[in-house]
Amino acid sequence: MRKLFLLLCGFVFLAVQAQAQKTITGKVTDEKGNPIANVSVMVKGTTTGTATKADGTYSLAVPASARTLVFSYADMTPEEVTIGSQVMINSSLKAEDKSLSEVVVVGYGTQRKKDVTGTVATVKGAAVSNKPIQSFEQALGGRAAGVQITIPNGVLNNPPVIRIRGTNSLSLSSYPLIVVDGVPTFTGDASGSNAAGNALASINPNDIESIDIAKDAASSAIYGSRAANGVLFITTKKGKLGKARVTYDGWAGWTTVQRLPEVLNAQQYTDHKNLALVNAGTYNAASNAFYTSLNTDGSPIDTRWYDYVYRTGFSHSNNVSVAGATDATNYYFSMGYTSQQGIIKRNDFRRINVLGNVDQKINKYLSFGGKISFSNELNLAAASSGSLNGEAFNTAGLGRLAFLNAPNVSPYLPNGAYNINSSGLLGIGANKQGQVGLYNPAASLDLNRSNSENNHLQGNVYIQLKPTNWMTLRTVYGIDYLLTDNEIWSDGRTGEGFIANTFGGSAASSYSKNKRFVWTNTLTLDKSWGKHTVSVLVGNEQQRSDNVGFGLSRTQVSDPFYTNLQGGFVQAPLAAGLGIGENYLLSGFASMKYNYKNKYFLSGNYRRDGASQLGANNKYGNFYGASLGWELTREGFWEKWKLDKAFSSFKLRASYGKVGNISGLGNYGTLSTYSAGLYGGFATLAFTNAGNPSLTWETSKKTDIGLNIGVLKDRFTVEFTWYKNNIDGLIIAVPQPPSAGLPNSINTNVGSMYNQGYELTLNANVVQGKNFTWTSSFNVSHNENRVTSLAPGVTRIIASTSGLESPSITLPGYALGMLFVTRTAGVDPATGRRIFINAAGRQVFFDLSAPTAAQRYKYADGSIAPSVGSQDAVIYKNTDPHIYGGFDNTFRYKGFELNALITFQADFWVYYGSYAGLRDQRYWNNSTDVLRRWTKPGDVTDMPRPVFGDNISNGSSFPLDVNVFKGDFVKLRTVTLAYNVPKALVDKARFNSIRFYISGNNLAIKTKYPGPDPEVSSNGNGAINQGVDRNTVANGRQITVGLNIGF
Amino acid sequence: MKNKLLYLLVASGLVLGSCQKSRISPSPTTAISDLSAFSTPDRVLNQVRSLYSNMRNGQFYGGRYVIYNDIRCEEFINELTNGVTGLEVWNGTLNNNNNQVTALWAQAYYVINLCNVFLQGMSNTGNTVVGSTLAANYNGEARFVRALCYYSLLQLYARPYYDGSGSRPGLPLRLTGNSGAGDYNLARSTVNEIYTQILADLNFAETNVPLTYTDAISTTSRAHRNSVIALKTRVYLTMQQYANVITEANKIVNATAPFAAATGVAHTLQADITNVFKAPYTTTESVFSMPFNANETPGTQNQLGYYFSKSFGNGEYSLNPAGIVADAGWTVNDKRRTFNGTVGGKLYLNTKYGAGSPYTDWVPVIRYSEVLLNLAEARVRTTNAVDAQAVALLNAVRNRSDATVTYTVGSFATATDLINAILKERRIEFLGEGLRSPDLLRLGMTIPAKTATSGTVVAIPPSAPNYIWPISASELILNPLCTDN
């Protein structure tokens, strides 16, 4: 910090005087005619300049070559005046309207975009408003360089996977810090049911003014220990000067499922499974065979389970806002209601929310204001989608049931009852089999509930004191209360609630309360002396979060009449969803920004954080960032070389800093503790957590080097940044030998990795005609992740999908989360056997129908081989996209407006695990791919000879390379065609503005990926198990029509 | 006005910045610090119970240990080909990475370490906190639990004692409490060294644990002198030290029928065996069991009833029609046949564990009938004759369930016949109680072949590598000194 100050001083004294040949005098005033002191008066493109005196006057000797004078002052719009022959030049500066000029939020304040030397991307609220989404970040994909968004599946309100410049942690969260109007808010899935409940859905996207994304250390270091994943600053709307303006925004839309895999129909299924039984040598027409069941009218049953699981969802949204401002008061009030249906039946999202923002100036010195936002969200579902984190192999998972259950049985019995057998599974119909399906989704979707309700209150109040025009004292107290109710009901007639020989049924309800307060006190000093502009911020902050959760679960109703937790039950109730904890963050921070003649820029940030979650020996840490910028267009040579004709801006910038990550770290994990239990009704106390008193932050050291170019008065802008993020002290739960008997693997700061890449953003006002305009924005990012070390004794980390399958591996020398699969070499044309390649590189032929288990695996020469399995897996392909970005174009012709956003990701691979299930040769229904099956010697095909019971050849047993596909895609993410009703007509109708639009989401995708959508995650936001598509429900396709009215 | 506000603001900022520093080191309200875990007699007692409750974990004695030792042998047929519920255990294709192999190993050693941490904590402070009598009791219980854990691990992960008289690789022998990261590399001790430690622990326990408890649940679910002795009979039988079996068994079995323990808990056979497998599960026949109730359940896919019962569970395993149920000597009159039931054309061990969801059947660890049959077998093997007391002991077990069969000395031509009858009786009596595999292995007998719809599993001779389990892969990776089987 001290060094930084010395450096700054050096800068100040470097200012040099130029020779003068002509003297200009004048006076600078504000809009009301009051003189302004300390206004910088500069000869453009030179270092010649002065500052106004207390009475606003100045006198400046300028060289004969001087052409233009530039008057600039903090918070005022700079003015340029051509000198010509004048010797007296007065200037009247206008207060800068921050809502109009481009400013970015930089943490505890704002900064003009032109002055920013860190790497900050800004997305305007319009990009996320009026979309068929539940939370704003779902619409961020492709909008900003370095920001990768993956919508994991089609379950409503599922938090997207957000990666800012790659994944920055192995065990902690890589989710960025989200700061809403200055208060860090809760993120992630708050739901405790099978419905997803993204906490960020409480922010109505239509209330968002802007989203500023701080990516490098210089711009994020002010958030110290939480900045490693980047910081998203959400700014909600404020009123604009003028009388009250009322707006209405509404849309209605339809969403449909897309690209479902084609599965066998009833007859194909029956034939295929019988063939497989014959091949297995176990076909028996009387006891072990498949038969298509018949309807009562004798027609064959042919059930398309997709029809019972999916639907066309209807959604609508309505928002009303009132906003305005006077000199003293600024207000924005809004209310929104949206009701959305997902592509899965009974998967709904409803939100009602209100927001009020008020700022009031009491006098010249004092102002106060605040915000209050309340949102109630219903996240509704009937059953598990099988798509949320940890659900991939749920017996109830609807994504899988829709393609797994036998098509030759009906969901209903002839008497109308649900077709369920004595174990609660789908009834077998006419099949001579023990089992032909998992749960009956028709019953689950009719009778069950798995709901979650969020009540989310976010608010803050501030008082601001400006004793002088360059000093601001501000105290802000913010609260964020997220209260969640979960309610789950599983009927006894469904697989979920089935209990043999009883009425079954189970209910569980739980309540969780997350409360946070943040108190921030800051002192800001903004001062300009002629050529120098300095802004200094110091502050302290404390943030306390606590959570409480409790609930109850009950099973086995005493009468099928009961359908909720409060009903009659036979079994004693059990506690559910218990949890209690708190954490605390105590911080002090400072930042300084300096620029010299808007030419040289310097900034430094520092923060000291103390976090309760860390080990007793390491609670406090220091974080910092610094940046430098150089605006070349302000240099004399620039004009001399005539470069100013072409370039309106040419800024070089560099930053470096150190930030931390503790996101997702448990509250008490560093302590060694004992916890309670029961034994035969008596209390117990057992050693259950071995802590680490030295545990501390993961540390990111980030370097950025960038270039911002503006061409033709910024008609075309280019932003290029190269970055490298070295991460040390990655927290890894280091396992001890199991025989040491420790209760847990101990979190230790041991691993390291880096993310390195570049980002390019191009913006262009391609055509700026009177009637026709075309604006275009393109961004592309390249990121390379490399793990450089893990822990002693941890040579690799294998990550599972829902605990059952382990297709992901992380190890030094590779990107994190590589796919880890067993190699195959096709299907043997002579015998139809699957050929595996074992760890030794030898081909092993597999035949489940071999006479004994030992003979199933053989080498090509017929000798017996050891069985092949996950132990033969190889490090296969990367799952992190190396390239991603977006291309956004807006065309306006008179009142018409066409916007299209294309997003893309490239150079990554996805494990399509669903394929293993779709080709599983147990009773499971199959993809029509199996019709290509091997049938006779000489057949060259990728589908092995079907042998009933074979769950190995196609990858159910352990992941195979044949189910790994390139995920590269180009998506037509959104297309909107809008019509703005001409002003004359609008005025006639006494409206301010009227706009109609029709919009499509996910209309087209170009990819070689065979699954529904390569933009997928079966493991939610998991760091090291991305790129897995296991039984996931795909993203829907939406069409909406909407209306915006300004009154 | 202006200055006052300024001062107020600055002052409040400073106050706030410092006043909540204690919050930086919050203590959890739901977990007790290691610093105070031995601070009161109640906490110490609660820790003792936690040793048992963690042994009762579904991965271990709460279900899977018992289940594995049955399903790896010939009496059960896998019905659902589910890898999660022991398919590879059943068909003998386990590898080091298999979850069954790693999870049971980890859980058993977790309990062993809990015992070690407890014993250490007791010697540091706990013994003083609870006083010498209770301290002796508790230390004895901890060593009993540790002994049972080591014994159980040996049955799956090491060659049987008979193979080289315990000279083959046993287990890493952990006797100190581990509570944080450290260097835990340790080679396997021999089988014999482990048994020596087991017996040292049990001998200590025998003289230190109480004779009985004041309540029935504790009497059945915690170690007392007679249950320690009962376990010793099993350990010595496994080691083929038959004279020691007799010495131990005689402490708790009187010479003639009706057999019962004369001192301590009055163990004896129940007239009706089905009462042993019913609530309250605390008859004097249950020497040591793992308790369950609606609040304490074995966890999903760990419950004995879930595996074996079709009517009250998931019917994961049916009874092998070619197994002991086919034996003509096990007559239809035998009460123990009533545990079996045919559902969907297949015979299941349907009601031995018939509590159904939420599966509150207690898991039997040692029953008095086992002590009687242990003694009977040891007597025949030491006397090498049709021993009268052995016949009487066998008859006590058989006759109480099947009144139509009464064994006398005349029922057996040779000592071998009598031994075979005792071994057969064990198959009937302890069906689904996890004794089958240890019984085969201690005598070096082949695990017979079995056939299911899904395929045939060939016989596994003692020479086969899969006669015992492989060592946990995580152990091999993280403890390079440990060798595989």
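Helix axes here are lines fitted to C-alpha atoms, for helices over the stretch in contact, and angles run from 0 to 180 degrees between N-to-C directions. This is a predicted model, in which local features need pLDDT of at least 70, side-chain atom pairs count only at pLDDT 80 or more, and totals for chains, interfaces and linings use all residues. Residues are numbered from 1 along each chain as its sequence is written, while chains are lettered from A and ligands numbered from 1 in the order in which they are written.

**Confidence**

The model scores ipTM 0.94 and pTM 0.83. pLDDT is the predictor's confidence in each residue, from 0 to 100. Chain B averages 94, with 96% of the residues scoring at least 70. For chain A the mean is 92, and 97% of its residues reach 70 or more. Residues 1-20 of chain A stay under 50. For that stretch the model has 22 contacts beyond four places in sequence. A contact means C-beta atoms, placed from the backbone, within 7 Å. Where pLDDT is low, the predicted coordinates should not be read in detail.

**Chain A**

Chain A has nine helices and 52 strands. These are DSSP runs numbered from the N terminus: helices are H or I with at least four residues, strands are E with at least two. The C-alpha trace spans about 110 × 65 × 65 Å along its principal axes.

Of the 1047 residues, 54% count as buried. Buried means 20 or more other C-beta atoms within 10 Å of the residue's own, exposed means 12 or fewer, and partly exposed lies in between; C-beta atoms are placed from the backbone. Among contacts between residues at least 6 apart in sequence, 69% join residues at least 24 apart.

Two loop residues of chain A have positive phi without being glycine. Lys713(A) has phi near 55° and sits between strands S35 (698-711) and S36 (716-734). Lys713(A) counts as exposed because it has 10 C-beta neighbours inside 10 Å. Asp907(A) has phi near 65° and lies between strands S47 (896-906) and S48 (909-911). With 16 such neighbours, Asp907(A) counts as partly exposed.

**Helices of chain B**

The expected span of a helix is 1.5 Å times one less than its number of residues.

| Helix | Residues in helix | Span, first to last C-alpha | Expected span |
|---|---|---|---|
| H6(B) | 26 residues | 37 Å | 38 Å |
| H7(B) | 18 residues | 26 Å | 26 Å |

H6(B) is mostly covered, with 21 of its 26 residues buried. H7(B) covers residues 191-208. Its buried residues include Val191(B), Ile194(B), Tyr195(B), Ile198(B) and Leu202(B). The buried residues of H7(B) pack against helix H6 (132-157), strand S3 (169-172), strand S4 (188-190) and helix H9 (225-238) of chain B.

H9(B) also packs with H10(B) (residues 242-250), at an angle of about 170° and with the axes 8 Å apart. The two helices are therefore roughly antiparallel, the term for angles over 145 degrees. Ile229(B), Lys232(B), Thr233(B), Tyr236(B) and Leu237(B) in H9(B) meet Asn244(B), Val245(B), Glu248(B) and Ala249(B) in H10(B).

**Cis peptide bonds**

Ala257(B) to Pro258(B) is cis, with omega near -10°. A cis bond also joins Ala279(B) and Pro280(B), with omega about 5°. Pro258(B) is in the loop between H10 and strand S5 (286-290) of chain B. Pro280(B) is in the loop between H10 and S5 of chain B.

Methods: Contact = placed C-beta atoms within 7 Å. Parallel < 35°, antiparallel > 145°, perpendicular 65-115°, else oblique.
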